[in-house]
Amino acid sequence: QKQAGKPSMKSGGGVLLVSTLQLIVGLIILFIYEGYKGRYLSHSGESPPPEQVPNGANETIIYEGGGGLMATTPMDGIFVYSIVINVFALCGLAGMMSQNKHLVLGFFAYNAVNLVVSFSVFVDVCTTIGVRNKATADSVPYARGVAAFLFFNFCLSCVACVFAVKAVDEIREKNRSGEGYSVMHFGGMEV
């Protein structure tokens, strides 16, 4: 039963769902990238053979450009992008849980920008898949996986923009009316 005159929370659950799905997508993209990086670095020939790695006290140690956090692979941008996806997904979750409209607005702003960025990166990855040569043919499954989740993230950003705008309005209205905002408040009933 809906209480007369009191606004009900309708979009909070949507923001929670979308931000959770975006967090999952960001983690999946990260795992796909890490699988790709491992395969790329093990087949790229960048690492010197073990007998050429200096091990003496007075030998010069040379930076090996093909490993660790600063590895250089053709898909390193995807690593950074997955971090951004995860950070803003957590902003959406935290904003809804803490009733902070500023975090939800940050989540909305990210998703508005992400509409353009995720689609552009998706198109770039798809184009790259089409021009792969035989030397990088084994990376095509990784690129296809990333492309699929980038498109899914684009779709989630479309939905997130709608939910986030409604949720901010509902948070503002509930704060104005003096009624406490609760993510678990659906249809006038507190769960």
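On a 1 Å grid over the protein atoms alone, a pocket is an open set of points where a 1.4 Å probe fits, with protein on both sides within 12 Å along at least five of seven lines, and its lining residues have an atom within 4 Å of a point. The largest pocket here has a volume of about 180 Å³, a volume being the space filled by probe spheres set on the points, which are joined across faces, edges and corners. This is a predicted model, in which local features need pLDDT of at least 70 and side-chain atom pairs count only at pLDDT 80 or more, while totals for chains, interfaces and linings use all residues. Residues are numbered from 1 along each chain as its sequence is written, and side-chain values use heavy atoms, with hydrogens and water left out.

- The largest pocket is lined by 11 residues, and Pro-74, Met-75, Ile-78, Asp-124 and Val-125 are the closest to its centre.
- Helices α2 and α3 each supply at least two lining residues, and α3 gives the largest share, with four; helices are DSSP runs (H or I, at least four residues) numbered from the N terminus.
- By class, the lining has seven nonpolar, two polar and two charged residues; Ala, Val, Leu, Ile, Met, Phe, Trp, Tyr, Cys and Pro count as nonpolar, Asp, Glu, Lys and Arg as charged, and the others, Gly among them, as polar.

**α2 with α3**

- Helix α2 (residues 76-97) packs with helix α3 (residues 101-130) at about 155 degrees, their axes 10 Å apart; axes are lines fitted to C-alpha atoms over the stretch in contact, and angles run from 0 to 180 degrees between N-to-C directions.
- The two are therefore roughly antiparallel, a label for angles over 145 degrees.
- Their crossing is left-handed, meaning that the near helix is turned anticlockwise from the far one by less than a right angle.
- Among the α2 residues in contact are Ile-78, Tyr-81, Ile-85 and Phe-88, which face a set in α3 including Phe-107, Tyr-110, Val-121 and Val-125; contact means heavy atoms within 4.5 Å.
- This contact divides into 16 nonpolar, five polar and no charged residues.

**α2 with α1**

- Helix α1 (residues 12-43) and α2 have axes that come within 8 Å and cross at roughly 155 degrees, so α1 is roughly antiparallel to α2.
- α1 passes α2 in a left-handed crossing, and their contact has 15 nonpolar, eight polar and two charged residues.

**α2 with α4**

- The axes of α2 and helix α4 (residues 140-177) come within 13 Å and cross at roughly 25 degrees.
- That makes α2 roughly parallel to α4, the term for angles under 35 degrees.
- α2 passes α4 in a left-handed crossing; Ile-78, Tyr-81, Ile-85 and Met-96 of α2 meet Val-146, Leu-150, Asn-153 and Ala-167 of α4.

Definitions and conventions: Parallel < 35°, antiparallel > 145°, perpendicular 65-115°, else oblique.
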